[in-house]
Amino acid sequence: MSDSNGSGGPISYDINLPYVSEGTDASQSTRYPEYMPNFDKIHFDPLKPFDFEDPALRVQDDSLPNLLTADVKLTPIQPRIGTVAEGVQLHSLSDKAKDELAYLIAKRKVVAFPNQDLIDAGPAAQQEFMEYFGKLNYQPVSGTVRGHPGFHIIHRDGNKEDIARFMEARLTSCLWHQDVSYEIQPPGYVMLGLLDGPEVGGDTVFASTGEAYRRLSPMLRTFLDSCSTLHSSSKMIAHAKALGGIARKDPVDTVHPLVRVHPVTGERCLFLNGEFVTKIVGLKEAESKMLMEFLLNHMMMGHDFQARVRWAPKTIVMFDNRSMIHSAIVDYLDDDGAAQLRHIFRLCAMAEKPIPVVEPQQQNGKATSGTNSANGMNGTNGMNSTK
Ligand SMILES: O=C(O)CCC(=O)C(=O)O
Ligand SMILES: [Fe+2]
């Protein structure tokens, strides 16, 4: 597919591919050797359909009394998106508080939790925590934690040659994407946990795909509401294999709506990224390429609907993969172009099959504008952004 990241070259996903080969002495390059990327040869069957109910829909009281106790302080990162939540320990939340956590993330889209005990609670506790929010994704190509296949591990330390090769044909390290968008039920709530990282740099940047949608003209929105796109993991898997990596799953190709309705907020969100989407179904090649480039550029350029998260070790960030597109920022290089240590894990909780605005049968001429309002909770809810 065409370039969406300003490099002029084809898009690949190799910035997340292994930088530590088997046999590397892990203890030299991390305080968390258990989380060094593992590439044991395991094969997973395709994900079967599963029932999903968003935990946020169980919330009765939008003041979130179980989560936002007196010692919790919420600070907005940007007025409408992003919150830093101090005083919450994810590890000790009740189920009711977890429902409210889902609600908070659905509303604010990305929430950072500094100083989390959960970081030191180990992979089993972290996986169990995220299983509350949906079925865990097992990563097809990237490093994981042995015995805990829900983990996707990024470990960068040095990697001078890899980074130089990666940057050879590109202008930026940014790869804007939604995680695992090619699955039939792609992730909703996603957790990132920083084990170790540079003092400055290595932020993660997020853009609101709902606000990106709302900025478009009503005429274009109506057209996009009826479009669908092809998401595929084929290229990522072929690329991993070409580099001598493993593939734990067969490629998955899925057609998704280009605009999806959020099951909690009712918001319509663009669902399109530069990593996995290969085309807009039904358009001619040039039309599809042009429209995808336009929409991706719009999301990447819209600094007035973006938020950047700054990290410190033991910070956990949770975000909503249905209403956000995001990118890592690899700017923590020394003068020689070698990366400082950054070691982070990701756990993705798979959610609903993306809800279209226009049901496919309506697209065949019966109706032109759908009004799938999902499950309410749209508009104000009295939740202050600081507490
Ligand atoms: O490293 C980061 O900041 C984000 C990583 C990411 O987006 C991913 O691995 O899917
Ligand atoms: Fe990601």
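1. **Ground rules.** This is a predicted model, where local features need pLDDT of at least 70, side-chain atom pairs count only at pLDDT 80 or more, and totals for chains, interfaces and linings use all residues. Residues are numbered from 1 along each chain as its sequence is written, chains are lettered from A and ligands numbered from 1 in the order in which they are written, and side-chain values use heavy atoms, with hydrogens and water left out.

2. An unreviewed UniProt entry carries the annotation "domain: TauD/TfdA-like" over residues 75–347. UniProt positions are in the numbering used here, feature names are shortened, and annotations may be inferred rather than shown by experiment. Helices (H or I, at least four residues) and strands (E, at least two) are DSSP runs, numbered from the N terminus.

3. **Who surrounds ligand 1.** Start with the shell: 11 residues surround ligand 1, and the closest are H152, D179, T204, R342 and R346. To be near a molecule or strand, a residue needs a heavy atom within 4 Å of it. By type, the shell splits into 3 nonpolar, 5 polar and 3 charged residues. Strand 5 (151–158), strand 15 (324–328) and strand 16 (339–350) each give the shell at least two residues.

4. **Polar atoms around the ligand.** Have a look at the oxygen atoms of ligand 1. One lies 2.8 Å from a side-chain N or O atom of R342. For H326, the distance from a side-chain N or O atom to an oxygen atom of ligand 1 is 3.0 Å, and a polar side-chain atom of D179 is also 3.0 Å from a ligand oxygen. Ligand 1 taken alone exposes 290 Å², of which the protein buries 99%. Accessible areas come from the Shrake-Rupley method with a 1.4 Å probe, and for residues only the protein chains shown count as cover.

5. **R58 and its partners.** The structure holds 22 salt bridges (a side-chain nitrogen of Lys or Arg within 4 Å of a carboxyl oxygen of Asp or Glu). Side chains of opposite charge can pair when their charged atoms come close. R58 pairs with E53 at 2.9 Å, N to O, and with D99 at 3.1 Å, N to O. D99 lies in helix 1 (residues 95–108) and R58 in the segment before strand 1 (73–76), so this pair ties together parts that are 41 residues apart in sequence. E53 is partly exposed, with a relative accessible area of 47%, and R58 is partly exposed at 34%. Buried means under 20% relative accessible area, exposed over 50%, and partly exposed in between (1.4 Å probe, protein chains only).

6. **More on D99.** Is D99 buried or exposed? D99 counts as buried, at 8% relative accessibility. The D99 side chain also makes a polar contact with the side chain of Y132 (2.7 Å). A polar contact is a pair of N or O atoms within 3.5 Å; within protein, one must be able to donate a hydrogen and the other to accept it, and residues adjacent in sequence count only if both atoms are side-chain atoms.

7. D120 and K314 meet through their side chains in a salt bridge of 2.6 Å, N to O. D120 is in the loop between strand 3 (110–113) and helix 2 (123–131), and K314 in the loop between strand 13 (306–309) and strand 14 (316–320), so the pair links parts that are 194 residues apart in sequence. Both ends are partly exposed: D120 has a relative accessible area of 46%, and K314 has 27%. Elsewhere, salt bridges that share partners join K109, E211, R214, R215, E267 and D304 into one network.

8. K109 has a positive phi, near 80 degrees, and is not a glycine. K109 sits in the loop between helix 1 and strand 3 and counts as buried at 6% relative accessibility. N159, also not a glycine, has a positive phi of about 55 degrees. N159 is found in the loop between strand 5 and helix 3 (160–167), and counts as buried at 10%.

Technical notes
Nonpolar A, V, L, I, M, F, W, Y, C, P; charged D, E, K, R; others polar.
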